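Me: I would like to go through this model by question and answer, with attention to how its charged side chains pair.

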Amino acid sequence: MSLALPQNCDTFAIEEPVESGLVRSPSSGVIWSPPSEALVKRKGEATQNFTLSTECASMHTTLQEEPYSYPCVVKLPVETRPTTFVALQSWEGVVLKVQEDSFWARLVNLSEELPDEEAELTLDEITTDQRSLVREGAVFYWTIGYEESPSRERARKSIIRFRRLPAWTPKELKAAEEEAERLRDSLGWG
Amino acid sequence: MKPSLHTSSHSIVLLGDFNPKIFQPAWFACEGLVGKNEAEAAEIEVIHAEVVVFAFQGFKLQVTRDRFIISSLQEPYFAPMRDLVLGTFELLRHTPVNRMGINVERHYRVHTEEEWHSFGHKLTPKQIWNGILEEPGMRSVVIQGKRKDSYNGWVLMRVDPSPAVQPGVFFQVNDHLELDHGHSSPELMEILRTSWRDSVKRSVGMIESLVEEIG
């Protein structure tokens, strides 16, 4: 059965045997690995019993002859309330024409049953990472709505994301051309 | 007064046979599936042979040996998230993937406690519980239905009191598909490519039908 995500999207937790080298507390976010004998060696110190507990596992270990070594504890920040976004309007667009500092696009309204529209958008609306994706025929998603930050600040935002899919390899292009020719010949369109 | 939408989230879950180490931000950037700046800004929680967990802006990825989960709490990233899955498994087309869940979750704020309780009673009438439990209250309801298309699987709906907003209700739809012959990543990806938008729209419709029953 596929796993539907738990409600808060942050309950993914692994509980592995200590021997595997990694244990994570699901609630505190602490990741630690078991004590390593090579980590700390202080000669002449008495051995001692040591108990380390997390919310999901407790461990009691004693080094018989060598003094204790400290576990490596990497405390990850506990995830705070995430950023959320509620959309008011969204469109799927196709770039029709690119100009010096803007582009024209055909927009399909995804929020309401309305006719397609054409609109001019400025390149300033596009992140620098995505500028190279703005070309004729490129598909993008445009959403306007309210973003709520972890501190519960609300801001109206317009977000444009271009579709990124792997580029066709020369081999795939050649195979597609050959298949098209074969279909054309079989239909007698040659 | 009609309940108001508080948050909306979406996830795509794949079950199969994965190598978590592959799925690192740098790999996605190298393959052009995310931008370079985006990959560099990724928040990494765990990169390990058995598990990878990190977040790009807008969505989070968790991969273990048998599960690939991508999720987002921000609607502008739902479709790009789907594209990321398609792009990833186009490149890794030989990865065995045999089950997929397209999941929608929503939290709604209910305006009065009376309406909230009334909805709970509607979903789970309490008469049968009186005398068995003291002050019975609904914690969770899960209902499974058959798929209306020809694919194997089911549609699961879950309704809980919302932990995110009080008084509130949480709805979750798990649109689950599985293949009945071997493992075929390209086949599931084709279903994802052609059916994703309808699946999400249908799930939202199902949730909204239940929301209409509140108040």
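**Salt bridges and the interface**

Me: How many salt bridges does the structure hold over all chains?
Reply: The model is a predicted one. Side chains of opposite charge can pair when their charged atoms come close. Counted over all chains, the salt bridges in the structure number 18.

Me: How many salt bridges does the rule find across the interface of chain A and chain B?
Reply: One of the salt bridges here joins Arg163(A) to Asp83(B), with the closest N and O atoms 3.4 Å apart. For the interface of chain A and chain B, the rule gives a total of 3.

Me: Which strand of chain A gives the most to the side of chain A that touches chain B?
Reply: Across this interface the rule also finds 8 residue pairs in polar contact. Strands 6 (84-98), 9 (139-148) and 10 (154-162) of chain A each supply at least two residues of the side that touches chain B. The most, 5 residues, comes from strand 6.

Me: What area is buried between chain A and chain B?
Reply: In this interface, 39 residues of chain A are in contact with 58 residues of chain B. Carbon and sulfur atoms give 55% of the buried area, which is about 4000 Å².

Me: Are Glu40(B) and Lys36(B) buried or exposed?
Reply: These two side chains meet in a salt bridge of 3.2 Å, N to O. Both residues lie in helix 2 of chain B, 4 residues apart, about one turn of the helix. The relative accessibility is 57% for Glu40(B) and 56% for Lys36(B). Exposed means over 50%, so both residues count as exposed.

Me: Which residues are linked with Arg147(B) in a network of salt bridges?
Reply: Arg147(B) is buried at 12% relative accessible area. Its side chain meets that of Asp149(B) at 2.8 Å, N to O, and Asp149(B) is partly exposed at 32%. The residues linked with Arg147(B) in the network are Asp149(B), Asp175(B) and Arg202(B).

Technical notes
Residues are numbered from 1 along each chain as its sequence is written. Chains are lettered from A and ligands numbered from 1 in the order in which they are written. This is a predicted model: local features need pLDDT of at least 70, side-chain atom pairs count only at pLDDT 80 or more; totals for chains, interfaces and linings use all residues. Side-chain values use heavy atoms; hydrogens and water are left out. Contact means heavy atoms within 4.5 Å. Buried area is the accessible area (1.4 Å probe) that two parts lose on being put together, summed over both. A salt bridge is a side-chain nitrogen of Lys or Arg within 4 Å of a carboxyl oxygen of Asp or Glu. A polar contact is a pair of N or O atoms within 3.5 Å; within protein, one must be able to donate a hydrogen and the other to accept it, and residues adjacent in sequence count only if both atoms are side-chain atoms. Buried means under 20% relative accessible area, exposed over 50%, partly exposed in between (1.4 Å probe, protein chains only).
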